[in-house]
Amino acid sequence: SEMCIRDSNKRDKRLIERKTYYDNFQADELKLPGVDEKFHGGVEYMVEHVKNNFNLDLQPPGIAILLYQMGKKQINEPFIFTQIKRYHDRIVGNMTPRLAFGCLYGVLTTNAADDASFNFFLEQFYQYVDKIGAAEACELIEALSLNTQYANEWKHEFINSALNPHIFNFWERKFRHKKPRLFSLFESLKKLNYQGEDLWELILGALQERKSLARLEDLAYLYESLSEMQEQGLFYRDLSGEIEFFRAKLESKEDYLWKYNIE
């Protein structure tokens with residue numbers, strides 16, 4: 001009933017407010033409580049709650065959740081980073097690898113942090129960089145591709161020094177046979193004009209060896225993207241072999257030819 005929805009709305013908002021302060025246990029440290037965004041407003045409500053309550057007793061887990069969830073929706077609110085500076089001393093030494101990752105993800109994707117905030121959260125991330133997992137490495141490359149504040153040269157070096165060791169370490173178990181991660185890496189690295197040969201060769205090889213890669217939309221995306229990269233002439237090597245491979249895939253079924261104009 002309407003009354004039940006209204007009561008649930010208040011309860012959900014209280015959960016979010018508590019989550020801002022306390023490290024309540026849950027499977028993923030960076031998720032909001034299991035409540036329905038349709039009624040409580042999700043991270044947008046959390047942002048407004050922090051903006052309108054200057055004396056909140058923010059704790060590191062709540063800060064990480066806030067920044068990560070802002071990053072997921074690319075909410076540009078510079079005031080939040082000004083507010084969080086009051087808690088920098090509290091953050092130092094009180095993070096986990098997942099929380100440190102979440103903060104940096106939010107810094108990069110919101111494009112709202114000043115240089116002081118960026119440097120602070122980058123330093124915090126480096127304290128835990130050896131302990132991040134495959135998912136974090138993949139998401140941070142996505143975050144770099146969405147960032148408009150910093151030069152690609154720095155982003156490329158960050159990938160090479162901080163993220164590639166994890167990707168190579170987890171490649172067989174967490175990347176090679178994971179289509180969503182392969183496509184995420186492909187798209188993000190393409191946006192970044194990244195030229196690291198070792199990583200690109202792994203990605204291109206894995207995409208071509210996937211026998212289950214049969215969706216027209218996926219094949220067309222790869223064919224068009226590789227063709228564009230070839231035309232731009234910025235890739236470190238010729239891509240004719242890969243282009244012909246995916247073109248042949250598109251020409252292999254009459255249904256594809258009927259739905260997709262390969263020319």
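Q: Which residues is Lys190 in contact with, leaving aside its neighbours within four places in sequence?
A: A contact is a pair of heavy atoms within 4.5 Å. Leaving aside the neighbours within four places in sequence, Lys190 is in contact with Trp200, Ser225, Glu228 and Met229. This is a predicted model, in which local features need pLDDT of at least 70 and side-chain atom pairs count only at pLDDT 80 or more, whereas totals for chains, interfaces and linings use all residues. Residues are numbered from 1 along each chain as its sequence is written, and side-chain values use heavy atoms, with hydrogens and water left out.

Q: Where does Lys190 lie, and how far is Lys190 from Leu226 in space, C-alpha to C-alpha?
A: Helices are DSSP runs of H or I with at least four residues, strands are runs of E with at least two, and both are numbered from the N terminus. Lys190 belongs to helix α11. Between Lys190 and Leu226 there are 36 residues in sequence, but the C-alpha atoms are 9.3 Å apart in space.

Q: Does Lys190 count as buried, partly exposed or exposed?
A: Burial is read from relative accessible area: under 20% is buried, over 50% is exposed and the range in between is partly exposed (1.4 Å probe, protein chains only). Lys190 has 24% relative accessibility and therefore counts as partly exposed.

Q: What is the accessibility class of Ser188, and which residues does Ser188 contact?
A: Ser188 also lies in helix α11. Its relative accessible area is 5%, so Ser188 is buried. Beyond the neighbours within four places in sequence, Ser188 contacts Ile141, Glu142 and Ser145.

Q: At what angle do α11 and α13 pack?
A: Axes are lines fitted to C-alpha atoms, for helices over the stretch in contact, and the angle runs from 0 to 180 degrees between N-to-C directions. Helix α11 (residues 179–191) packs on helix α13 (residues 216–232) at about 25°, and the axes are 12 Å apart. The pair is therefore roughly parallel, a class for angles under 35 degrees, with over 145 roughly antiparallel, 65 to 115 roughly perpendicular and the rest oblique.

Q: Is the crossing of α11 and α13 left-handed or right-handed, and which residues make the contact?
A: A crossing is left-handed if the near helix is turned anticlockwise from the far one by less than a right angle, and right-handed if clockwise. The crossing of α11 with α13 is left-handed. From α11 the contact uses Lys179, Phe183, Phe186, Glu187 and Lys190, and from α13 it uses Asp218, Tyr221, Leu222, Ser225, Leu226, Glu228 and Met229. By class there are six nonpolar, one polar and five charged residues; Ala, Val, Leu, Ile, Met, Phe, Trp, Tyr, Cys and Pro count as nonpolar, Asp, Glu, Lys and Arg as charged, and the others, Gly among them, as polar.

Q: How do α8 and α10 pack, and what classes of residue make up their contact?
A: Helix α8 and helix α10 (residues 152–175) pack at about 20°, with axes 13 Å apart. The two are therefore roughly parallel to each other, and α8 passes α10 in a left-handed crossing. Phe118, Leu122, Phe125 and Tyr126 of α8 meet Trp154, Phe158, Ser161, Ala162 and Leu163 of α10. This contact has eight nonpolar residues, one polar and no charged.

Q: Where are Asn111 and Asn193 found, and what is the phi of Asn111 and of Asn193?
A: Asn111 is in the loop between α7 (97–110) and α8, and its phi is positive, about 55°, although Asn111 is not a glycine. Asn193 is in the loop between α11 and α12 (197–209); its phi is positive as well, about 50°, and Asn193 is not a glycine. Asn111 is buried, at 17% relative accessible area, whereas Asn193 is partly exposed, at 34%.

Q: Where is the confidence lowest and where is it highest?
A: pLDDT is the predictor's confidence in each residue, from 0 to 100. The protein averages 87, and 86% of the residues score at least 70. Confidence is lowest in helix α1 (residues 2–21), with a mean of 46, and highest in helix α8 (residues 115–128), at 98. Over residues 1–8 pLDDT stays under 50, and the model has one contact for them beyond four places in sequence. Residues 19–26 are also below 50, yet this stretch has 20 contacts beyond near neighbours in sequence. Where pLDDT is low, the predicted coordinates should not be read in detail.

Q: How many helices and strands does the protein have?
A: The protein has 15 helices and zero strands. Of its 263 residues, 51% are buried. Among contacts with a separation of 6 or more, 74% join residues 24 or more positions apart.
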